[in-house]
Structures are given as structure tokens and as C-alpha cells.
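The tour below moves from one selection to the next.

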Amino acid sequence: MIHFSNPIIFLLIPPVILLFFLLRRLRKYHAISVSNISIIKKSAKKTGFTKIALLSLNIAVILLLVLIAARPQGLGGIKEEKFTGMDMVIAMDISGSMRAEDFNPNRIEAAKRITLNFIDRMKGNRIGLVLFAGRSFTQSPLTVDYNVLTEFINRIDLRMIDISGTAIGDAIVTSANRFFDDKVRSRVIVLLTDGENNGGAIDPLTSAAVAKYRGIKVYTIGIGSPEGAPIPVYSESGKVIGTILAKIDEPLLTDIADITGGRYISASDEKGLISAFGQIADMEKDNIKMDKHVIYKDYYPHAAVAVAFIFTLSFLYERLRRRTASLLVWRNQIYKWILSGVFILVLLFIAIGPDRKNNEGKGDGLDIVIAMDTSLSMQTEDIAPNRGVYANNLAREIITALPAKRVGIVLFSDYGYILCPLTYDRDAALTLLSNRTRESGKGTNISDAIMTSALLFTDKDHKKVILLLTDGEDTRGVKAEKIGEILQDNNIRLFTIGIGRKEGGLIPIRTGEKMEFKKDIAGEYVHSRLDEGLLMEIAKAGKGEYISMGNNPVEIIKAVVEGQGAGVRDWKGGASQYLSFVALMLFMVIIIL
């Protein structure tokens, strides 16, 4: 069965045919003066068949061009994809006991490796990641961007939480808070731990009751043997100075699972851990469904071949018919056909060129990394409520205004920190931005922020842009020329956005309820001002632009897209259809004339 991707273009047929006959009729009343009419007489001796043939060729070309622009498609096949109605949060213990080497090479590395295999098996779900030791925090919100989730798991380190202990109750509540209020999807927490609950502010059984009330099942996995395993204790120099014994509280983990309708699974070794994840996948497989997608095959190349054949036939016929014409007439005829051919190519490019939709991992995508200053000077209140809050809100608006593009987030003060790798999941990026816990740093290292941002770009086929949100008060001596060379070598463009005002303000420092202002070594108050000159210099070196704070996020996005050129739109709709109309009408007028 054939259908058309742009059927609205068929509305062009009546006006184009009408224009065609109107112009043919007007040509009959044109007259020219010639010195010798013998050529005219010879060329005028046409049979009725010749007239009909030429008219038919012209009309066929018009109809075929309209057909091409309408983009005929047929059924090319049906693709089945697996998806589920399940949201899952994996809560992983990263306390010091996970250093135990009864797994290869140790518990935490084995857990990371096997968790990645489990995620690959559970694709089709929204999956999040919570880490916990003496406290808990969200490493990744619920997302279907498994590349960014893999990146988060690979970055897990036992030093990410500086509070020792195992806060199982806090981990369950943090995980439960990651779920959306979606009653259609089932919700599951997978809790991996190797110890007893000895930290946090929430009782594990209380948190289990909360999870049950919200309709969340908790599967608990005990890593290690019930008898416990020796955990190495390291000195500051990295040497092992002793061992401690950590045991699993199996009764507690069993109670948590029973309360919520889940299950406790013991994993005393690596095979046991693989088996535990496999059992969870099997128990939740009833949520798996199959979704069918129709794959369409384009037939416009067939019509394009027909157009080329008819044009060639018409061209040869005109050449034979005009073999007695003067050289001037012949040359003008060639010019007409060359011009017509150019417009055919323009039409084909605009109307039926390959889709430039920014598909995940394919095509001409636009990757944008937002590098946001979190240094102490961003607490200055020369804009309401202060620079930091303004920059955070602006970053959220920019992320929201970037549909179908990958976005990453880097925070920086005295060094750059990757908050979110490049992801198509804007909700995940927004959640991480809302839940960020990094405190304001004392310095501002713009060079490290840009270099850290550049590390996120891995796809050579995508266009790459860094948006730098800062007040420009660099304390490490940024070298614009060196940065420019590195960015140009990697085809990265840099846009700087000034946060703050030129007149500036004092930097507040809050200690509890007491507020003071920052002073220098001499005891004088430090006055922080927006350094537009530096930001302009950096943007120029990065082949980008400096964007003042007065511009809204829509204008910022427009500047980025225009700077990067075409190839980031969905060419199947919107302005592309109007371009098709204009190109087709323009071509018809030229060829008819």
C-alpha cells in the first residue's frame, strides 16, 4: 500500500496546470521581427501528434515533480521493539565494606560489572541509580538513556560519600522519591548491600512501609556470605593495616522484601549475584510488551528517474526539431535546460532530501554542554535573587528549550566537575541540576571548565557547542588563544553568557543565621563585577559569540543553531514544506517560461 508523506503538496497541481496553459495562451500573442521567415515556416510545420507529444511531456514532468515532492512511500517491513511498563531504581551500597575481595577484583567492581549486564537485559524500562553509605544521594534519575546511565555506573567510586556507615532506610526513601506519580507503570527498587544498617536517620522497616504504601516493590540482594568477610583497612599512605569483619543482616533484608511484596536473594559470590539479577528479571518479565513500528520505503527515486528520462527525451526531441534553427536559438535553448536542471536539483534537495532529523546517535545532531559557574562570587546579589540562582534557572530554561538534542552539564569553581554526561533525556538532566549538592568553590577556573566540557564530546559526526554561564571573574589566568586552538582542533564552538552586572556587588558569606561579606587579605571588602571583556575574548577565540544577560533563552538557542548552520531541524515538517512549495512554484514558472 502506497501513501504520501507530504500529501498537501498535491494542492499545487491545479494552480500549476492553470499557470502552464495560461502562459502558453499568452505566448500566442507575442510577436517578433525577423529578416528571414523560412526558418519559422519550417519549424511551424508540426503535425497534431507532435503538438500532443510535447504537451504530454510537459504535463508529465509537472505531475511527476509534484509526485516527488509529495514523497510516495510503501510498506518496507514491520519492526518489533520490546518495552515495559516498569520503572526501576537500583540502590547500590558504596560503603567501605564493598572493598572486600571475596569477589573479583572486589565487591564494588563486580557489582558495577554485573549491574551493567542487568541493565542491558532490562532495556525498555526507565532505570535510575541511587548510591548510599552513611547517607544516600541520587546518581541518576529515571532515564531511558542507557548510555548516560552506563557512564554514571562506571564513575562510581567508594570515596563519593565521605560519611561512613550503611544507611539502608535512607537509601530506600531516596529511591522511592525518584518515582513519578504514574499508577500505570509498576515500580521496583533493587537494593544491593553487604552490611548492617548502622547509619542514616530513617528506620529501614519504616522506609519499607512507605514504599509499600506507594506501591513500590523492593528486591533486596545481600552481597557476600552471611558469616561475613574480612574487609581491609587502609592507612593514609594506602597500605593495609588490618581487617574488620562485616556481616549481612539477612533478617532485616528479608523483612524489607516481604513488607513490600519483593524478595530477598543471597549472593555469596559472583555467580550468585548474576543469578540474583536474573531472578529479578524473570520475576518482572510479565511487564514486557512488544511494540510494532511500520518501516516505510521511499519510492520517489523511481519518479526521479522517470523525470530524468522524460527531460532527456524532450531535450533530444527539441534538438532534432530545431536542427535548422540559428545558432543563437540553439544556445538559448541549452541555457534554458541548464537553468531548469539546476532548479530540479534544488527541488530534490529541499523537498525530498534525506531526513535531517536529529535521531539518537545518528545524523547531524547538535550536542550542547552547559558549563555553569558555582564559585563564591556567584552568590553576589547584584541580580535577583543572586547570580547562582539566576544561572541555575537559566540553565533549566535552556535545557527545556532543546528538544531532540543531547545536553550535558558541567559545574565549575576551582575545577570542573561533570554533573551530567551528554544525554537525550532532558528530564534526567533537569533532575540532576535540581538535586546538585556541590558547594560553592573559592576560585574560578574557566580553563578547566572548558576543558572538562570538551571531554564530554565523543561523537565526531555531531556539531559541538559549549555554553559558558559565568561572571567571568577568572582567578587562574585563562589563556583565550590556547583555549581557542584546542576548541578549533576539536570543532567545538564556545558561547559565553555573562551572569551579573558591570557595577557588581559585595560577595555575601552566610554562617548559620549570620551573614558577612567577603574581605581580602588587607581587610577590604571584595567587590565582584561582571568581566564582559574576558568573556568576549574567550567567545571570539572559540569562534562563538558573547551573549549578554538581557537575552532570553530562546535567543540564546537561536544564536547557537544559527551559528552551527542547517542540519538540526526536522526536515519532514514545518518550514521545509513551505520551502518545497516555493521551490516547486519557482521551478514551474521558469520551465514554463
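In which sense do strand S15 and strand S16 pair, and over how many bridges? Select residues 463-470 for strand S15 and residues 492-498 for strand S16, and you will find that the two pair in the parallel sense over seven bridges; two strands count as paired if DSSP finds at least two bridges between them. Helices (H or I, at least four residues) and strands (E, at least two) are DSSP runs, numbered from the N terminus. This is a predicted model, in which local features need pLDDT of at least 70 and side-chain atom pairs count only at pLDDT 80 or more, while totals for chains, interfaces and linings use all residues. Residues are numbered from 1 along each chain as its sequence is written, and side-chain values use heavy atoms, with hydrogens and water left out.

Within this pair, pick leucine 468, which stands opposite threonine 496 in S16. Now widen the selection to the open sheet of six strands, whose order is S14-S13-S12-S15-S16-S21 and whose pairing is mixed. Its edge strands are S14 (416-423) and S21 (546-547), each of which pairs on one side only.

Next, select helix H13 (residues 426-434), which lies across strand S12 (366-373), strand S13 (406-412) and S14, and runs at about 160 degrees to S14. Contact here means heavy atoms within 4.5 Å, and the angle, on a scale from 0 to 180 degrees, is taken between N-to-C directions of axes, which are lines fitted to C-alpha atoms, for helices over the stretch in contact.

Move on to leucine 253 in helix H8 (residues 250-260). Is leucine 253 buried or exposed? Leucine 253 is buried, because its relative accessible area is 0%, and buried means under 20%, exposed over 50%, and partly exposed in between (1.4 Å probe, protein chains only). Not counting residues up to four places away in sequence, leucine 253 touches several residues, among them Ile168, Leu191 and Gly222. Glycine 222 is 31 residues from leucine 253 in sequence, yet the two are 7.6 Å apart in space, C-alpha to C-alpha.

For the last stops, look at two loops. In the loop between helix H15 (480-489) and S16, asparagine 491 has a phi near 55 degrees, a positive value in a residue other than glycine, and at 59% relative accessibility asparagine 491 counts as exposed. In the loop between S12 and helix H12 (387-400), select proline 385, which is joined to alanine 384 by a cis peptide bond with omega about -10 degrees.
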